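Please have the sequence and the model open beside this note. The points below are meant to be read against them, one after another.

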Amino acid sequence: MAETHLQEEHLDVLTKTGQKTGVSKPRGDVHRDGDYHRAVHVWIFAESTQELLLQRRADCKDSWPGLWDISSAGHISAGDSSLITAQRELHEELGVNLPKDAFELIFVFLQECVINDGTFINNEYNDVYLITTLDPIPLEAFMLQETEVSAVKYIAYEEYRSLLAKEDPDYVPYDIDGQYSQLFDIITQRYKENTMERSLSLQKKLRRYAPVTLSAELTGLSDADKEALGLLIKAATVMDEIFHWQVWYSNPVLRYWLKKQSDSSELDKLKWMYYLINKSPWSCLDENEAFLTTADSAVKFLPHATKPVTGWKGLEYKAAFPMLKPPGANFYPPDMDKMEFKLWKSSLTEKQQKEATSFFTVIKRQSEFSLDSSLSDHRVDGTNHLVGSTHDLYSVPYSEEYKSYLVRAAELLHKAGDVASSHSLKRLLHSKADAFLSNDYYESDIAWMELDSKLDVTIGPYETYEDTIFGYKATFEAFVGVRDDKATAQLKLFGDNLRVLEQNLPMDDAYKSKDVIAAPIRVIQLVYNAGDVKGPQTVAFNLPNDELIVKDRGTSMVMLKNVSEAKFKHILQPIAEVCVKEEQQKLVDFDSFFTHTICHECCHGIGPHTIRLPDGRESTVRLELQELHSALEEAKADIVGLWTLKFLIGQDLLSKSLLKSMYVSFLAGCFRSIRFGLEEAHGKGQALQFNWLFEKEAFILHSDDTFSVDFAKVEGAVESLSREILTIQARGDKEAASLLLQKYCKMTKPLMVALQKLEDIQVPVDIAPTFPIANELLK
């Protein structure tokens, strides 16, 4: 950023820990007073030559004049964003125009130093970005900003590291024994990793998933419904395309690249196989640790990113993704923090606030599109959102953001609705197609709840697990199956008793709802799933999540029986054989496992949803607990599900033979779910429950490293945890929720003992299904 402005650049002043104070000051005052502030470092790395681009700072600079430094760098001006600043600095200083998917945020570096005889104090938080090009950019392609840059050159990254280590006086100093060593360590790790070791690592990860074939009997479907089934499976594949984009903006191009390269080598094949399970470069079972790097990513070509050079076709770069999975996925700008969102939200009208926190909007920056429209991936209409706004953020409805996909999906749903034999299925498919284009899902969700058809489908935006900033934004998914009429009829008991269960929940009567509506339950044999189904496969779901519908109409649930059977056979039984005391192993059975799964889903529909806060305001549990909601809600559904089974047995509505088996099956199930990782909502919820019950001595660890249930203590421990969670939800008490999760969501020694045993004998963590019926129809 040039330093000879008519009006001196202002910077946001930060606390020593990097938080915004709400104060901004002129740049000169910030460096005079030693205020903490933010800047960006942008490194250009040429993969083929293993070289970094350096710039020589102009002689007129007030810090480090004439020395060799980062490819491009600059302060983040007050109110500006990190990524936009990085793009702008690169353009201004070097004349290079790159889209946001070229920039990989690799770490944040705090630089604290004093120069110029104490007159220039630099306390700077630097967002360090890496741009990976295939080959060096010709030096004559750069357009240097004379007030900032006097020259550029490429240098081998190891040689540059050596020069910094020697404190060469021609180079701006960086402590490569400290934080800045990460730059060199990351490059070294990416390009010197042993191919054989990497292949073995991916093979080990893949072995955690048991391959299973899931099929279903179609003889009960009419010819019309069989035709509709093919159309629904095609619509489901569109949900998959949207979901890949929702996870991260360069994820779709990474997917295409990995598939294209998958036949190149054994390692490339393994990368593709493991990517297919996770649907992103982050491993679900490893706390979302990246199993790929930007070095593995797609090559993109930009012929006009720089000044043209005779004989050079243009710039090729790797589509970047961060090593740490972005908490806001692709629903928010990647450099947006909670504070920025909250400040923006507070400036909005009530209607606009609902749009901002809606399940069905994405949040964008107007500056992203004003920077250079030629770099935009998508043309955004409806910019009237921005008129008169003093904030950079604005909301875009899903119907606009994903329009090209949703138009295609809507056409397929309308065609399926035209041929479907069931009136309720026709209603669902036509209303869902309309919802895709209107962004109003209320009627289609009601139609889904009232579906009464042999051919069963769930399709649309529902779950919010990907949004770990606030838990607001819904991902697209699809489940297509055939109803199991016999099993569905057997489950009517649970839906019929929801109101009775609500009134007997272990919490203060003042918090109990009088308007609980019985949840219809459908059991299906899954034919195909798509979209937000990755890593561990769901055995059931309870929808919708929209509190307005839950309040008005309750929820409905779908059980995936063939998925449950596969998990029990391939995972839960082997876990029980290793981790459960021998005399209790026979109590682990499929009926208990499946019945508790039903209760889990039922219990999403009872307990607090819409709540009244201590100050009298009406709100929802989701809005108050934000990013903590998903983990606590999963724990609630699980533990209250156990309480529910005991209650129904006590009312003689379920067989007493379940009494002991449900607790032991639940114990074995704890180890199954915790293996999903403590970054995932179900894994967090399960760790909370196991550690609570172990602390209360309801679960016992024996000298042979097996576990058993103390039947005299488990009932009280289940009830006490149910009461704790329900009360936190009813009060919307985020602080209490945080303390509970901090205390109990830990990988404690008993859990480590069990998980190590399962690791030693390589019990699969989950299943990786294939769908032969769907594959045949998609041909």
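1. Basis of the note. This is a predicted model, in which local features need pLDDT of at least 70 and side-chain atom pairs count only at pLDDT 80 or more, while totals for chains, interfaces and linings use all residues. Residues are numbered from 1 along each chain as its sequence is written, and side-chain values use heavy atoms, with hydrogens and water left out.

2. Overall form. The C-alpha trace of the protein chain spans about 85 × 60 × 60 Å along its principal axes. The radius of gyration of the protein chain is 28 Å, which agrees with the value near 28 Å that a compact globule of 779 residues would have; the radius is taken over C-alpha atoms, and the globule rule is 2.2 Å times the number of residues to the power 0.38. The protein chain holds 30 helices and 26 strands, where helices (H or I, at least four residues) and strands (E, at least two) are DSSP runs numbered from the N terminus.

3. Of the 779 residues in the protein chain, 60% are buried; buried means under 20% relative accessible area, exposed over 50%, and partly exposed in between, with a 1.4 Å probe and protein chains only. The protein chain exposes about 31600 Å², of which carbon and sulfur atoms supply 50%, the areas coming from the Shrake-Rupley method with a 1.4 Å probe, and for residues only the protein chains shown count as cover. Among contacts (heavy atoms within 4.5 Å) with a separation of 6 or more, 73% join residues 24 or more positions apart.

4. Cavities. Four cavities of 30 Å³ or more are found in a search of the whole structure, and the largest cavity holds about 370 Å³ of space. Here a cavity is a set of points, on a 1 Å grid over the protein atoms alone, where a 1.4 Å probe fits but cannot get out, and lining residues have an atom within 4 Å of a point. Grid points are joined across faces, edges and corners, and a volume is the space filled by probe spheres set on the points.

5. Lining of the largest cavity. The largest cavity is lined by 30 residues, and R57, S63, A73, H75 and E124 are the closest to its centre. At least two lining residues come from each of α1 (27-33), β3 (36-46), β4 (51-57), β6 (72-75), β7 (104-115) and β8 (120-133), with β6 giving the most, four residues. The lining divides into 12 nonpolar, nine polar and nine charged residues, where Ala, Val, Leu, Ile, Met, Phe, Trp, Tyr, Cys and Pro count as nonpolar, Asp, Glu, Lys and Arg as charged, and the others, Gly among them, as polar.

6. V172. This residue is found in the loop between α3 (157-165) and α4 (181-191), and V172 counts as buried because its relative accessibility is 1%. Not counting residues up to four places away in sequence, V172 touches R57, W64, L67, W68, D69 and L164. V172 and W64 are 108 residues apart in sequence, and their C-alpha atoms are 6.4 Å apart in space.

7. Backbone points to inspect. Most residues other than glycine have a negative phi, and most peptide bonds are trans. The peptide bond from L543 to P544 is cis, with omega near -5°, and P544 lies in the loop between β20 (540-543) and α19 (547-553). D117 has a positive phi, near 55°, in the loop between β7 and β8, and counts as exposed at 83% relative accessibility. D705 also has a positive phi, of about 65°; D705 is found in the loop between β24 (699-701) and β25 (707-709) and is partly exposed, with a relative accessible area of 32%.

Definitions and conventions: On a 1 Å grid over the protein atoms alone, a cavity is a set of points where a 1.4 Å probe fits but cannot get out, and a pocket is an open set with protein on both sides within 12 Å along at least five of seven lines; lining residues have an atom within 4 Å of a point.
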